[in-house]
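Morning, everyone. Please bring up the model and keep it in view while I talk.

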Amino acid sequence: MATLAGTVPTGYAGGRAQVLLDWLTTVDHKKIGIMYVVAAGVFGLVGGALSLVVRTELIETGAIMGADTYNQMFTMHASIMLFLFIMPVATGFANYVVPLQIGALDMAFPRINALSLWIFLFGGILMLSAFAFDGGAAAAGWTAYPPISSNTAGNIQPAGVGMDLWLVGVIALGVASTAGGLNFLVTIFKMRAPGMTMFRMPMFTWTVLVTAFLVVLATPVLASALILLFADRNGAGGVFFDPATGGQSILWQNLFWFYSHPAVYIMILPPMGIVSEVLPVFSRKPLFGYRAFVMATVGIGLLSFIVWAHHMFTTGGVFLPFFMASTFLIGIPTGVKMFNWMATMHKGSLHFNTAMLFAVGFVMLFLIGGITGVFHAAVPVDFALHDTYFVVGHLHYVLATGAAFGIFAASYFWFPKMFGRFLNEGLGKIHFWSMFIGTNMIFWPQLMLGLDGMPRRINDYADNPGWELMNQIATVGAFVAMVGAVIFLFNVVHSIYWGEKCEEDNPWDAGTLEWATTSPPPVYNFDRLPRVRSERPVFDERHGLGAYASSEGESPPQTSS
Amino acid sequence: MPMPSPRRIRLRWRIAVAASLVTGLLLLSAGVAGAQAFPPEAVSEEGSDIRNLYLLVFFLAAAVFVVVEAGIIWLAIKYRRRDDSLPPQIHGHRGVEVLWTVIPSIIVLVLFIVSFVVLDHIESAPSKYEPVEVIDVTAQQWAWSFYYATPMDATTRARISDDPADVRLRVSDGTLFEPFKTYRIDVEHIRVDSIEGNTLMVARGVNGTVVQDHPAGEEILRITNGTEVSQDDRGELTDSIDPSSGAVTTMNTPIVTVPVGKTVRFNISSLDVIHSFYAPQFLYKLDAMPGRTQALWLKVTDAGFFQGQCAEFCGREHARMLFSVRALPLDEYDAWLAALVAPPPPAEEAAPADDAGEAAPEDDAADDAGAAEIGAETDPAAEPGTSRYGGPPAPAGLPTQPAGWTAPRAGAL
C-alpha cells in the first residue's frame, strides 16, 4: 500500500546546499537516526583501524611501535568502539525504528533528539581530537583506573591532556545519551498507537525501553565519577582517587563499573531485540515465548545493577559471595533468551538472507560470549583468568560478534525501509562469512592465550610455545574481518544509489508497524495504521490472524498460501 | 522481494554448509595447534583447587556449547525454507519454558555452591599456629621488590634508612606511616633487640606497631618491621635452570624465592599505581593496590622456576614488568634465606659519613622501646637490596630488559 510513495521528498529545488541545510537542521527522527548510524559507522571504522594497529603490533614478539603509542591505540580502540560505535549505532537504529514500531509520528521531544545527536558528535570529536595534541590521546585503558589516569603524585608517568579530553568527551556523550534515554522513555510510554499495550510492543522496542532505563539510572553515576577524576587532575590534586594524596583508587572502580556493567547491557540488549525481530520474520513464525522474553529482558536490566563488582574480583575490595551469586543469576534470563531464539527457528521456514545469517550468527557466537562469562562468574576461576586474554576473548564474543552482528543484521533488515533499496545480497554473504570466520580467528585463539596466562594490554609477550602462532592467527583474522567491513561499507554506499529497488512497504513479510508504511516512510510516518491486536499487527492483517495472535498458549490455525 | 527458486535455495544451502565446514576446520586447527583448552598445571594447593573448579566449569560449558551449537546448525538445515507455505504459528509453550528456566537455574546453583566452597577454602587464612613464611611484595612502575622476614620465631629486623628519599615507614600489617612524624613504640608487642648498622632489630610484633620518638628534626628515623631483606635481582643477570630440559638460561627478572610445602603469606602492595601479582601456574592473582596491603596465601607444591608478570595495566613498561618464582625445597630455602640475612664478610668499609648523626635517633628509639642494646654498626651497603628499598622509582634506569626477552617456563607451559 504505497499510498504515500509520491509524497516522499527526494530532493529540493534549492540544490545540494539546501539538502545539506535540511539535514543539519532536521528534527525528524528518521534523519537523526540515519545521521547517528552514519556517524557511528565512521567512528567504528576508525576504531576498527586502531584494532588493526594493535593486532599488527602483536603479530610477533618484540615491539614495533613505542609502548606509549600502543597504549593509546588499545585505549582509543575500546573507547571508540564502546562509546562512539556500538552505543550510538544502536541509538541510531532505535531513533529510526522505535517511533515507527509504535506507530508514532516522531520522538516525544524532536528538538532534544537533535540536541542529543549534536552533543554526541561534539563529544566524539573532542575525544578523538586528543590525537592532535602533544602527548597524544588517552592511554590509560578505557577503564581509566586512577592513579594510572591521574597526573598526581602516585603516577610517575602522568597522563596528559588527552586524558582530560577523554573525560570531557565522555561526559558530553553521557549528557547526550541521558537526554536520549529520557526521550525514549517518554516516547515509548506516551506515544504508542491505539491498541498497542505494553505486551504488544515489538521486542526491539522493549529492549530499547529497558536500555533507556539503564541509561537514565546509570549514566549520572559515571558522570559524577568523571567529574571527580577531572577535578582530581585539575586542581583537587588527587583527593578523590589517588591514595598518594589521600584518595581511594578503588572508589573509582566502584563508580565506574556501576555504570559500565549496565553499559554492557545497554550495548547488548538492543542487538538482542534486533535478533528477536529478524529471526521470527525469516522463520515466518512469531517469537517463541514473547512474555518470557520480555521478563528476561527486564530481569537482565534489574540484575545489571547488582553485578558491577564482578569486574573487581581480584582487587581484594569486594564482598565476593554476593557478586558471584548475582553474576551467576544473570545467566538464567540469558539462557532463556537463547532457548527462545532456538524455539523460534524450530518448525519454522528459515530463509537465509544476509540479515538472517547475521541473526543466527549472533545466536551462535553470543553463546560463546555467555558461556565464557560463566568462567569469570566462578570467582576462583576468575582469579586465574582475570586481566588475561581470556577476558579479551570473552568480551569480544559478547560485543564484537554479539552486538556488532546484531547491528549488521539490523542494517540488512531495515536498509530497504530506510532507503527504498536493498543491500546487495551477494556482497552481504561475503561480508557475513568474512566476519564470521575472521572474528572466530581473532577471538578463539585469544581465549586459549588467556588460559595460558597471557595478560591483556601488553605490547610485547614472552615467546612461550604457541603464543606467537595464536597471535598470528588472531592478527590474520582481524584483517579478514576488516575486509568484510570494507565490503559492507562499499555495499552501503553502492546500494543507496544503485541497489535493487524496494517497491513494497513490507518486503520481508514482517509483522511490526514500521512495515505498514512506505519505504522510505514519509515525514510523520503514517497515513493509516492497522488494528493492533498482537505484537505483529502487520503480519496479522496480511495473513488474517488478528483474532488469534494476541496471547501465547492458544493454538492458532495453520494456514498456508 | 520475490522468493528465490528452490534450486537457488539449495545452492545457497550448500554454500552455507561448505563455509561452516571451513570455519569448523579453522577452529579445529587453531585448537589443535594451541591445544590449550586448559590452564597450566598448578604448582600450588590453591591453584590445584582452582584448576579442578575450572575443569568442572569447562566440562559443563563444553556440554552446553556442543548441544546448543549442534542444535542451531540442525535447526538451520532441517527447517530451511522449501516452499512458501506458512509454518505453524507457535507462540510458546509453558512446559518447555519452565523447563529451560529451571534447568539452567539448577546448573547455576550447583556452580555457585561448588565455587563458594572452593573460594572459602582458598581464601581462608591458615591456622594461627601453622608456621608461615611472610614475603612482602612491593610493586612499582615498573619493578617488583620482594622482602623477607627472617625465619620463624627469630627476631626480625627493621631497617633504619639513611637514604633521604626513603620516606616510607611501614609495618607488617601494612600501615603506611607518614614521614616527619613521631611514633611511639608499642612496648607490649615490640621489643627492640639490637641495632646493627642502620638496622634496628625488633621482635615481630603482634600488632606490628612501631617506633620512634623524633628528637631533633633534621635526623629522621625510619623503620620497617619484618621486611628488611630485599631480594631484587633486576638489572643483574641470573642463571636459571629449566628443570625439564636442564638448560641454563640467563634472565634478568626479579626473582621471588618461595619454600615448597610451607604456607606463604604474600603481603602485596604498590608504591604508585595499581599492579597485579600474577603467576599463571599459581592460577591466582591479587591486585597490588596503592595505599593498602593485601594478603595472598599460597602453599607451593612443586619446586621449579615459574614465570610471573604484572597483570593490571600500569603504563609504558607494563609488558616488561616481569618476575620469576623460584620454588625451593624447604631445607634449601632455609639455607638460602640464612645466607641472605647472614652478616656480610667484614672486608668492606664504606660506612656513610652521616652514620654518626644517625646514632642519636637510634638511641632515642631504643630507649623508648625499653630495649637496651645498640650493636656495632655494620656496612649498610652490604645488605642485599638496601639500595632498592622504598627508594624513588628510577625511570631512567628501568627497565633494563633487552627487546627480545625470554623467560621460559617450567613444565607444561
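This is a predicted model: local features need pLDDT of at least 70, side-chain atom pairs count only at pLDDT 80 or more; totals for chains, interfaces and linings use all residues.

Residues are numbered from 1 along each chain as its sequence is written, with chains lettered from A in the order in which they are written.

The interface. Chain A puts in 99 residues and chain B 90; contact means C-beta atoms, placed from the backbone, within 7 Å. On chain A's side, helix α14 (residues 425–451) gives the most, with nine residues. Helices here are DSSP runs of H or I, at least four residues; strands are runs of E, at least two; both are numbered from the N terminus.

Now the helix pair. Helix α9 of chain A (residues 320–329) packs on helix α3 of chain B (residues 94–123) at about 160 degrees, axes 10 Å apart. So α9(A) is roughly antiparallel to α3(B), a label for angles over 145 degrees. Axes are lines fitted to C-alpha atoms over the stretch in contact, and angles run from 0 to 180 degrees between N-to-C directions. Among the residues that meet are Phe328(A) in α9(A) and Phe112(B) in α3(B).

Last, strand β2 of chain B, residues 143–148. Six of its six residues are buried, meaning 20 or more other C-beta atoms, placed from the backbone, within 10 Å of their own. Ala143(B), Ser145(B) and Tyr147(B) take one side; Trp144(B), Phe146(B) and Tyr148(B) take the other. A hairpin through two residues joins β1(B) to β2(B).

How values were computed
Two residues are in contact if their C-beta atoms, placed from the backbone, lie within 7 Å. Angles under 35 degrees count as roughly parallel, over 145 as roughly antiparallel, 65 to 115 as roughly perpendicular and the rest as oblique. A residue is buried if 20 or more other C-beta atoms lie within 10 Å of its own, exposed if 12 or fewer, and partly exposed in between; C-beta atoms are placed from the backbone. Two strands pair if DSSP finds at least two bridges between them.
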